[in-house]
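The following exercises concern the architecture of one protein chain. Each task sentence is followed by a solution in steps.

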Amino acid sequence: MLSAAAAERNKDPILAVLRDCVNPGRPLQALEVSSGTGQHVVHFAQALRNITWQPSEYDRQSLTSIEAYRAHYKLNNVQPAIHLDASQPHQYWGGIQPESLDLVLNINMIHISPMACTEGLIKGAAALLKPQGLLLTYGPYAVNGQITPQSNVDFDYSLRQRNPEWGLKDISFISSLAQKHGLFLEKIVEMPANNKCLLFRKESLV
Ligand SMILES: C[S@@+](CC[C@H](N)C(=O)[O-])C[C@H]1O[C@@H](n2cnc3c(N)ncnc32)[C@H](O)[C@@H]1O
C-alpha cells in the first residue's frame, strides 16, 4: 500500500466536491483514471456507497498498490483495478462500454502527463459517460494563459524541465477541447493549495 502525502491532504476536499455533485440516492458507476496509490478510491468508496468504483492506472507498481488497498478495505463497491493508458482510445480501456458511466474522475494527472493524455481522457470520458454524466478533474491549471501564484509558476517550470510535454494546461484550452467532444464546463471549484476542480457535463441528446 503506497502512500502519497498529497492524496492524503486533498482526499477530503475532493470528497466534499463529489458529495455536492453526485446523487446519493441511486446506484452510480464511476471510473477513476490514474488512481495512483489507491488512497482516493477507497476513501471515496467508503463515503459514497451508492457508487461502484472502477480504479485504473498506467503504472504497474501503482496497480499493485491499488489492489493492496482493495484487499485491505474489502469494499464491495470497488472493482479490481484495470490497466489504462489515458492516451489510448477508449476501446483499450478494459472493455468499459460506451455510455455506461455516470462519473469519470481524474486527479492530478493532466499537468504531469503529455497532452495526448488530456486529449485521450476527454475523448474517452465523452464516449463512456451516459448523457448528463460528469467528468471531474482536479489539479493546478493555467487561466487564460496566466499561472498564479508564483509557487505554481515554479511548479510548472520544474515539470517542463522533467518533461517538455508536461506542465500546467490552460482551462480555456481544456474547455474548448471538451466542448468539441460534447462535454461542457459547468463549474470551476477553487480548492486548497491553488488547485481547482473542473466539472464537465456531457450534453444530453434529448
Ligand atoms: C501525480 S500522480 C497522481 C496519482 C493519483 N491520481 C493521486 O492524485 O494521488 C500522476 C498519475 O498519472 C499517471 N499517468 C501517467 N501517464 C498516464 C497515462 N498515460 N495514462 C493514465 N495515467 C497516467 C501516473 O501513473 C500517476 O499515477
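Two residues are in contact if their C-beta atoms, placed from the backbone, lie within 7 Å. The model under study is a predicted one.

**Exercise 1. Describe the overall organisation of the protein chain, and state what share of its contacts joins residues at least 24 apart.**

Step 1. The secondary structure consists of six helices and eight strands. Read from the N terminus, the order of elements is α-β-α-β-β-α-β-β-α-β-α-α-β-β.

Step 2. The radius of gyration is 16 Å, close to the 17 Å that the globule rule gives for 206 residues, so the protein chain is as compact as a globular protein of that length. Its C-alpha trace spans about 45 × 45 × 30 Å along the principal axes.

Step 3. Consider the contacts between residues at least 6 apart in sequence: 73% of them join residues at least 24 apart.

**Exercise 2. Determine how helix H2 and helix H3 are oriented, and which residues meet.**

Step 1. Two packed helices are described by the angle between their axes and the distance between the axes.

Step 2. Helix H2 covers residues 39-47 and helix H3 covers residues 60-73; their axes come within 9 Å and cross at roughly 30°.

Step 3. Angles under 35 degrees count as roughly parallel. H2 and H3 are therefore roughly parallel to each other.

Step 4. On the H2 side, Gln39, Val41, Val42 and Gln46 take part, and they meet Ile66, Tyr69 and Tyr73 in H3. Sorted by class, this contact of H2 with H3 has five nonpolar, two polar and no charged residues.

**Exercise 3. Identify the residues that touch the most other members of the largest nonpolar core.**

Step 1. In soluble globular proteins, nonpolar side chains tend to be buried together. In this protein chain, 38% of the 206 residues count as buried.

Step 2. The largest nonpolar core has 42 residues, of which Ala30, Leu103, Val104, Ala125 and Leu135 touch the most other members. Helix H4 (residues 115-128) gives the most to this core, namely seven residues.

Step 3. Not counting residues up to four places away in sequence, valine 104 touches Leu31, Val33, Ala125, Leu128, Leu129 and Leu135.

**Exercise 4. Is isoleucine 107 buried or exposed?**

Step 1. Isoleucine 107 lies in strand E5 (residues 101-107).

Step 2. A residue is buried if 20 or more other C-beta atoms lie within 10 Å of its own. Isoleucine 107 has 24 C-beta neighbours inside 10 Å and therefore counts as buried.

Step 3. Leaving aside neighbours within four places in sequence, isoleucine 107 is in contact with Ile14, His40 and Tyr138.

**Exercise 5. Examine the backbone at proline 149, alanine 193 and asparagine 194.**

Step 1. Most residues other than glycine have a negative phi, and most peptide bonds are trans.

Step 2. The peptide bond from threonine 148 to proline 149 is cis, with omega near -15°. Proline 149 is found in the loop between strand E6 (129-139) and helix H5 (150-162).

Step 3. Alanine 193 is not a glycine, yet its phi is positive, at about 60°. Asparagine 194 has a positive phi near 60°. Alanine 193 lies in the loop between strand E7 (183-191) and strand E8 (195-202), and asparagine 194 lies in the loop between E7 and E8.

Step 4. Alanine 193 counts as exposed because it has 11 C-beta neighbours inside 10 Å. Asparagine 194, with 14 other C-beta atoms within 10 Å, is partly exposed.

Key
Residues numbered from 1 in each chain as written. Predicted model: local features only at pLDDT ≥ 70, side-chain atom pairs only at ≥ 80, totals over all residues. Axes fitted to C-alpha atoms, helices over the stretch in contact; angles between N-to-C directions. Helix = DSSP H or I, 4+ residues; strand = E, 2+ residues; numbered from the N terminus. Parallel < 35°, antiparallel > 145°, perpendicular 65-115°, else oblique. Nonpolar A, V, L, I, M, F, W, Y, C, P; charged D, E, K, R; others polar. Rg over C-alpha atoms; globule rule 2.2 N^0.38 Å. Buried ≥ 20, exposed ≤ 12 C-beta atoms within 10 Å, placed from the backbone. Core = buried A, V, L, I, M, F, W, Y, C linked by C-beta atoms within 7 Å.
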